[in-house]
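Colleague: Could you walk me through this model before I start picking it apart? I'd like to ask things as they come up.

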Amino acid sequence: MQLTSKIISKFNYSNLAFHLLLADAPKKYKVYYIPKRGSGFRMIAQPTKELKHVQRFLVSLLEPNLPVHYKAMAYQKNKSIKDNALLHKGNNYILKMDFQNFFNKIKPELFFSKLENANVILESGDRAVLRNLLFWRPGTKRSVTLILSVGAPSSPFISNFVMYDFDRKIDDWCESNNIVYSRYADDITFSTNSKDLLSSVPKVVKKMLATNVAGLSINESKTIFTSMAHNRHVTGVTLTSDGKLSIGRDRKRMLYAKIHKYSLGLLSSEEIKKVRGLISFADYVEDDFLLRLRKKYGHDLINKFMKEGGL
């Protein structure tokens, strides 16, 4: 693929500058932690600005040649968590599963094996370029382990490509068994209208992981079976009993309370920005959420609120 010459030409590197970048790239990351929705913290390893630019360029070179399955719903143009939820809204029974440390379990060896499966021909030096520029070396200076980082702009595409064989085979199996499948990053969802049909899925998933993406495993604590008799949620979107999408009653109550607080002049500018984003998301999911807010609180108040901050 002549990656070295293409990167040197794109960024106007000298040979020395490029090879210095290549040698240092796996350690050019800033590590920090953000709280997870439940408990604990998620480790983010963010590459330097220079390395981010190179990673994005590499993805632009790789994208035309590397397949991503249509049921991979995250990081894809014109796909979102709403589209992911829509796939399952008409089914009564849902199974949700979660991969453990998804990005960090993807290593260069797995990536290169998938490139070989896709009949991508790497020229001399290409492997070193891809290994060092796309993968992060955590830990001490002596560490030789390389993994995908949560924080690199290239990791989403690389992960979707690595999962292609798994996505394709599990989706084919699901279609033959009247089950709907989708994957949103590390969240996989299965749904059907046949009771007890999903009970066999976890065993099939583990078997297909072992044969298609060795090294990845399921987070057993996040395997959840649910049905229409209970609250059904798919990637943060609630599926209602009448086959519609919702942000959920609790979040609606919270947003109504925030608007009431705003009407009394008790909402800070920082809260206004945050709530505006949440309302935009709610209207995207439910289509008529803003309309209902306007009916309850008046057009003038809601229009003024949504324009706070100069927007």
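Predicted model: local features only at pLDDT ≥ 70, side-chain atom pairs only at ≥ 80, totals over all residues.

Modeller: Residues are numbered from 1 along each chain as its sequence is written, and side-chain values use heavy atoms, with hydrogens and water left out.

Colleague: How many helices and strands does the chain have?

Modeller: Both are DSSP runs numbered from the N terminus, helices being H or I with at least four residues and strands E with at least two. The C-alpha trace spans about 65 × 50 × 35 Å along its principal axes. In that span, the tally is 13 helices and 9 strands.

Colleague: Which residues touch the most other members of the largest nonpolar core?

Modeller: A nonpolar core here is a set of buried Ala, Val, Leu, Ile, Met, Phe, Trp, Tyr and Cys residues joined through side-chain atoms within 4.5 Å. The largest one has 61 residues, and helix H3 (residues 49-62) gives the largest share, 7 residues. There is also a second, separate core of 24 residues, with Ile259 and Leu293 among them. In the largest core, the members with the most partners are Phe111, Leu133, Phe166, Phe190 and Val205.

Colleague: What does phenylalanine 111 touch?

Modeller: Contact means heavy atoms within 4.5 Å, and residues up to four places away in sequence are not counted for this list. Phe111 is one of the buried residues of H5. Its partners are Leu62, Leu66, Leu130, Leu134, Phe135, Ile158, Phe161 and Val162.

Colleague: Which helices do the buried residues of H5 pack against?

Modeller: H5 covers residues 108-117. Its buried set is Pro108, Leu110, Phe111, Phe112, Lys114 and Leu115. Those residues pack against H3, helix H6 (126-134), helix H7 (155-162), helix H8 (164-176) and helix H9 (201-212).

Colleague: On to the strands. How many bridges join strand E3 to E5?

Modeller: Two strands pair if DSSP finds at least two bridges between them. E5 (residues 187-192) is mostly covered, with 5 of its 6 residues buried. On one pairing, E4 (residues 180-184) runs antiparallel to E5 over 5 bridges. E3 (residues 93-98) is also antiparallel to E5, with tyrosine 93 bridged to threonine 192, and the bridge count is 6.

Colleague: Which residue in the E4–E5 turn has a positive phi?

Modeller: E4 and E5 form a hairpin with 2 residues between them, and tyrosine 184 stands opposite aspartate 187 in E5.

Colleague: Where does asparagine 101 lie?

Modeller: Asparagine 101 is another non-glycine with a positive phi, about 50 degrees. Asn101 counts as partly exposed because its relative accessible area is 47%. Its place is the loop between E3 and H5.

Colleague: What is the strand order in the open sheet of 3 strands?

Modeller: The pairing is antiparallel, and the edge strands, each pairing on one side only, are E7 (232-234) and E9 (245-246). E8 (residues 237-239) meets E9 over 2 bridges, with leucine 239 partnered by leucine 245. The order is E7-E8-E9.

Colleague: Last one: how far apart are the C-alpha atoms of leucine 291 and isoleucine 302?

Modeller: Leucine 291 belongs to helix H12 (residues 289-297). Leu291 counts as partly exposed because its relative accessibility is 42%. Isoleucine 302 is 11 residues away along the chain, and the C-alpha separation is 9.4 Å.

How values were computed
Buried < 20%, exposed > 50% of the residue type's maximum accessible area, 1.4 Å probe, protein only.
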